[in-house]
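Please open the model in a viewer and keep the sequence at hand.

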Amino acid sequence: MPYLGSEDMVRELRRALSNPNVQSDHLRYRNTILKVVRAMSQGVDVSGLFSEMVKACATVDVVQKKLVYVFLCSYASLNPELSLLVINTLRKDCQDPNPMVRSLALRNMTNLRLPSLVEYVEQPLTAGLRDRAACVRRVAVLGWAKLHKLQASSDIDAAVVNELYSLLRDPDPVVMVNCLRALEEILKEEGGVAINKPIAHHLLNRLKECDVWGQCEVLKILERYRPQSEDELFDILSLLDPSLLSPHPPVMAATLSLFLSLCSGLPAASLSALERVRGPLLAACGSASREMRFTALCHIQLLLRSLPGLMGAHYKRFFCGYAEPAYIKQRKMQLLVELVNDENVALVLDELKGYCTDVNTDTAQAAISAIAVVQTVRDLVWVCPQCSEAVCLALEGCEETVQDSQGRQALLWLLGVYGERVSSAPYVLEVFIDGLRSEVSPGVKMELLTATMRLFLCRPAETQDMLGRLLHYCIEEETDMCVRDQALFYYRLLHCGIEETRKVLQGRRSDPSLGVLIGRPAEPVNQWARSFNTLEPLKQSAAETESTSGGSPEPVTSVPRPNTDLSLSSLSPSPVDKVHTESHTLPQIKWLHRSSIYYNIHPTFAGLYTEYLHGFVVFHME
């Protein structure tokens with residue numbers, strides 16, 4: 001057919017559908033109907049052909065029926081009165097000897113989604129639950145869920161609910177799973193399907209009969225069940241154990257989620273289960289699907305919170321491939337940071353160094369952040385004071401190469417704390433003060449105030465004049481209230497005397513009880529078990545990517561304490577941290593993160609950091 005405007009096209013199609021010669025030729029008639037459906041899929045309004053298509057559904061040709069039903073379900077809401085004409089044909093098809101026709105009729109009867117037709121649909125659906133063909137029972141079970149969705153305010157007959165419960169023992173596994181889904185929808189206000197001991201054991205025994213998504217559905221619902229004895233618990237765990245090694249990642253994840261739910265009071269069993277899924281998780285990281293790989297990486301990162309050494313021997317599996325997308329590379333770099341130890345630190349650093357020249361700017365900057373940036377050096381001397389001498393030597397002349405606001409904040413903190421050892425510290429601060437009007441980051445301004453105050457206490461003659469200029473600008477001209485309030489605080493603190501100022505600004509520089517931390521403390525599995533096999537690990541990854549940590553690692557007002565709660569709610573900064581936080585578009589992947597004092601520091605890093613400090617890798621932040 002030549003191209004015509006939409007109105008001409010509809011007119012031509014109506015003429016063809018009404019042509020007796022076309023109707024008598026089944027192939028031509030079917031092709032005409034196919035053209036109608038194709039036009040509909042291309043956005044042409046063919047609702048005017050509704051009556052002609054209603055007539056076309058009275059046929060024994062199953063393919064033609066399917067095409068017509070696609071059209072009718074799409075336009076039924078626009079023609080509710082004419083849709084009544086379809087019901088008679090559909091009800092008649094529900095009694096067809098061909099089970100495929102019966103299931104097709106039931107499916108499309110519920111897909112019309114017209115409240116006015118509910119009374120005509122209930123009887124065929126009830127009969128469909130008892131149909132001898134499994135394909136019809138599958139459709140009928142889901143049909144009751146659609147019917148409830150259509151009229152959520154009205155209650156489904158209790159007899160139907162009982163019928164659905166009885167179909168949980170249907171010999172067809174798909175019917176069983178569909179019953180679970182339908183009961184979940186119908187009984188949503190009552191908490192979903194009720195799982196007692198007989199039902200739970202029946203579902204577990206038939207788990208292997210279900211397909212992948214059916215197994216996931218069953219395992220998810222079984223999380224509500226609580227065994228009544230320890231023997232029953234271990235019997236269930238024995239049944240679940242083979243599924244932990246399933247080659248299908250969704251089944252493995254759903255099984256582990258149920259395993260962790262059942263073993264909430266058995267930490268040893270939970271950790272053993274995490275060890276068991278190491279192989280399937282590594283296999284999922286090599287999946288052809290990028291989405292699957294990213295999801296597996298995020299969940300591995302979740303598991304490492306309780307078993308930091310779970311993937312330690314397999315760290316090379318997280319080396320980035322050249323053709324991998326940036327978001328997978330950045331997630332792998334975060335995992336490499338988690339897995340570093342004294343044995344592999346040199347190899348990991350060499351690998352990350354290669355990523356610094358990646359064609360993707362974000363990936364290159366993430367690699368640079370993961371290796372060594374000024375923020376890392378700042379945190380390094382906070383945890384390892386013995387490294388401060390080497391860091392002070394590396395600070396000379398690096399102010400011109402620091403480009404981002406976080407790097408400037410870290411540099412200023414180092415100059416404030418170790419300014420007496422850095423000969424050029426007053427001159428560097430003076431450059432920052434002279435360019436204060438062009439500085440847009442409040443965090444940098446606040447760090448500059450603190451650094452200048454600290455340097456004034458140890459080198460007053462060189463710093464007095466610039467401190468006065470800085471305080472005057474921040475109090476009289478600064479528009480940011482946080483910066484202004486901090487300047488006023490320091491101004492009033494100076495009025496209290498030098499000794500009082502020294503007590504506030506020159507407290508201890510690190511926690512002597514910590515020493516050097518190797519790795520990160522293991523968290524209880526219960527802290528994150530509920531978020532496993534959900535979207536929360538992916539959401540948390542996005543939140544961590546968008547968030548940044550700025551400012552000094554030691555707050556002026558309080559001594560830092562460990563915080564191991566890494567839930568989504570904890571990703572928002574505290575009132576003290578907020579004033580030091582600035583939005584940034586780069587992924588923040590750091591060696592030294594998680595909290596003020598929880599860092600992945602290794603003694604080997606001290607020398608390697610110094611080696612990199614003057615090189616391309618450290619300060620090439622463009």
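This is a predicted model: local features need pLDDT of at least 70, side-chain atom pairs count only at pLDDT 80 or more; totals for chains, interfaces and linings use all residues.

In which helix does R102 lie? Select residues 99-111: this is helix α7, and R102 belongs to it.

**Stop one: R102**

Display the side chain of R102. Its relative accessible area is 4%, so R102 counts as buried, the cut-off being 20%. Next, show its surroundings. Beyond the residues up to four places away in sequence, R102 touches D93, C94, Q95, D96 and P97, and also D131, R132, A133 and V136.

**Stop two: the whole chain**

Zoom out and colour by secondary structure. The protein contains 33 helices and zero strands. Of its 622 residues, 52% are buried. Among contacts with a separation of 6 or more, 71% join residues 24 or more positions apart.

**Stop three: helix α5**

Select residues 62-75, which form helix α5. This helix has 14 residues, and the distance from its first C-alpha to its last is 20 Å, close to the 20 Å expected at 1.5 Å a residue. Which residues of α5 are buried? They are V62, Q64, K65, L67, V68, Y69, F71, L72 and Y75. Then move to the start of α5 and select D61 and V63: a side-chain oxygen of D61 comes to within 3.1 Å of the backbone nitrogen of V63.

**Stop four: helices α16 and α17**

Select residues 267-276 for α16 and 278-285 for α17. Their axes come within 4 Å and cross at roughly 40°. The two helices are therefore oblique to each other. From α16, the contact involves L274, E275 and R276; from α17, it involves R278, G279 and P280. Sorted by class, this contact has two nonpolar, one polar and three charged residues.

**Stop five: R293**

Proceed to helix α18, residues 290-303, where R293 is found. Is R293 buried or exposed? With a relative accessible area of 13%, R293 falls under the 20% cut-off and is therefore buried. Leaving aside neighbours within four places in sequence, R293 is in contact with A284, C285, G286, S287 and A288, as well as with E324 and I328.

**Stop six: Y315**

Follow the chain to the loop between α18 and α19 (326-339), and select Y315 there. Its relative accessibility is 12%, and Y315 thus counts as buried. Draw a distance between the C-alpha atoms of Y315 and V337: these are 22 residues apart along the chain and separated by 9.7 Å. Residues touched by Y315, not counting those up to four places away in sequence, are L336, L339, N344, L347 and V348.

**Stop seven: two residues with positive phi**

Select R113 in the loop between α7 and α8 (118-129). Its phi is near 55°, a positive value in a residue other than glycine. R113 counts as partly exposed, at 45% relative accessibility.

Finally, select N533, in the loop between α29 (498-505) and α30 (536-546). What is the phi of N533? The value is near 65°, which is positive although the residue is other than glycine. N533 is partly exposed, with a relative accessible area of 30%.

Terms used: Residues are numbered from 1 along each chain as its sequence is written. Side-chain values use heavy atoms; hydrogens and water are left out. Buried means under 20% relative accessible area, exposed over 50%, partly exposed in between (1.4 Å probe, protein chains only). Contact means heavy atoms within 4.5 Å. Axes are lines fitted to C-alpha atoms, for helices over the stretch in contact, and angles run from 0 to 180 degrees between N-to-C directions. Angles under 35 degrees count as roughly parallel, over 145 as roughly antiparallel, 65 to 115 as roughly perpendicular and the rest as oblique. Ala, Val, Leu, Ile, Met, Phe, Trp, Tyr, Cys and Pro count as nonpolar, Asp, Glu, Lys and Arg as charged, and the others, Gly among them, as polar. The expected span of a helix is 1.5 Å times one less than its number of residues. A polar contact is a pair of N or O atoms within 3.5 Å; within protein, one must be able to donate a hydrogen and the other to accept it, and residues adjacent in sequence count only if both atoms are side-chain atoms.
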